[in-house]
Amino acid sequence: MTIERPGKIIAVHLNYPSRIAQRGRMPKHPSYFLKPSTSLAASGDTIERPAGTELLAYEGEVALVIGRRVRRCTPEEGWAAVAGITAANDFGVYDLRSVDNGSNLRNKGGDGFTPLGPDVIDAASVDPSGLRLRTWVNGTLVQEDTTAELVFPFGLLVADLAQLITLERGDVILTGTPAGASVTVPGDLIEVEVDAPTTSGRPTTGRLVTRVVEGSVPFEDYGAGPSVDDLQRVEAWGNAESAGVTLKGAFVLTDELRKVLSGVAVATISAELRKRGFPHATIDGVRPLTPGTHMAGTARTLRYVAHRPDLFDQHGGGQNAQKRAVDSLRAGDVLVMEARGDTSAGTLGDVLAQRAKFLEAGGLVTDGAVRDSSAVAAIGVPTFSCGVHPSVLGRRHVPWEVDSTITCGGATVQTGDLIVGDDDGVVVVPAHIAADVIAAAAEKESQDAWVVDRVAEGNPLDGLFPPGPIWQRRYQEDRTRRHDA
């Protein structure tokens, strides 16, 4: 089957759980936009980043090629109407979203913005839930996901569209992109491949290759020109760190705040969170490999799912989610791993701990087990776990996704949250209240230390712990004297 110029190119906004987690919104129903057929390109073609723009983004996708005219059908009939599967790259320029966000005509519809190919997989030969999508930038794998957990399966998309729109032979449906879509720059080589690794013969589209070049023709002033802000940069790059920006209200763990935290106990922070309506902020069951460890940093997340042989075959090897998470750590990051509380296999060992150490990570936390525990402890990265176990990852876990919202030891963790640990355990502080909680906890530590001294002097607890009005006044007087001195 060859790819003909389609009458319609229809694209889905959100479909992969990993991308939905990034965007922070769960669609109840699929939503779509149209791309002009003039945006079609072939493998080996170049794409221009328009002159004066900075945010040309790639999105590797699975493309459905309709094989026959279809109108009003069931999802089963919808899948049967798909003749072929090919690779697509849904390019877009975030700088041009200001006047057509949602319709996406200008920012997604430019010439060459929809490369397809190079080959087409016979749809009848594959399971629609058994496809794998991968994207590389300059040889580095940046997107990898499967169609096993799509929110809107392929047949449903066809049936939903066909309720109102006649789909014709050759029409193309782009089915969404997973996490990992980001910005590309002139000189980059982008490759996308779709294959069916569990199907006999392992059919593949081959790699769809696109080279990015710089445009030279500026926009005229009779239309909306490029316009970009930090929010667009974060959406285009995938996160604030990659975009190199700090959004207003975002939490940054400065050296000064880190110094304050060094004297604040997890127990104190937990109490302050409870006052603010967060009673379930502790990652229960975890303890430091090395007693006396103190840890503070901003969260990065990694989720494991329960072992399944077929999924481990697809996701366990190579540069899997576990390795990608560790390799992407920055100084001060704390990698928090959701392992469902299963301590019957390791979730991390000495090699990855050594890599985290080299990258100056702030710590490692897992509600599963650590293997090579003595070696990991000796490496010196603050490490908290629910146990130790000699078995390798593949016995119980499949590394699944990075930087999604997770539940670790009963606590919800999002990338960017403040993570603090000591001998009592680990606590999660939501980023938007972190600065306030640090200040309040530091003040509480000061007051508690003063109360301990008063108890040591022989004073009774009544009215002193917690301090009543009289003792509060004395504490404030002492505090003022110390400050003045």
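How many of the 9 residues of helix H4 are buried? I looked that up before anything else.

**Ground rules.** I'm working with a predicted model, where local features need pLDDT of at least 70 and side-chain atom pairs count only at pLDDT 80 or more, while totals for chains, interfaces and linings use all residues. Residues are numbered from 1 along each chain as its sequence is written, and side-chain values use heavy atoms, with hydrogens and water left out.

**Helix H4.** I found that 7 of the 9 residues in H4 (154-162) are buried, so the helix is mostly covered. Buried means under 20% relative accessible area, exposed means over 50%, and partly exposed is in between, using a 1.4 Å probe and protein chains only. Helices (H or I, at least four residues) and strands (E, at least two) are DSSP runs numbered from the N terminus. The buried ones in H4 include Phe-154, Leu-157 and Val-158. I then checked what covers them, and found strand S1 (9-12), helix H2 (75-80) and strand S12 (172-174) among the elements there.

S5 (56-58) and S13 are joined by 3 bridges, and Leu-56 has Thr-184 as its bridge partner.

**Strand S25.** I saw that 5 of the 5 residues in S25 (418-422) are buried. Leu-418, Val-420 and Asp-422 point one way, and Ile-419 and Gly-421 point the other. S25 pairs antiparallel with S18 (295-306) over 4 bridges, and also with S26 (425-429) over 5 bridges. S25 and S26 make a hairpin with 2 residues between them.

**Aromatic rings.** How many aromatic pairs does a search of the whole structure find? It finds 3. Rings of Phe, Tyr and Trp (its six-membered ring) pair if their centres lie within 6.5 Å; planes under 30 degrees apart count as stacked, over 60 as edge-to-face and the rest as tilted. Trp-450 and Trp-471 have centres 5.9 Å apart and planes at 65 degrees, so I logged the pair as edge-to-face. Trp-450 is in helix H13 (434-456) and Trp-471 in helix H14 (469-484), so the pair ties together parts 21 residues apart in sequence. Trp-450 also pairs edge-to-face with Tyr-475, at 5.6 Å centre to centre and 65 degrees between the planes. Trp-450, Trp-471 and Tyr-475 form one aromatic cluster.

Conventions: Two strands pair if DSSP finds at least two bridges between them. Contact means heavy atoms within 4.5 Å.
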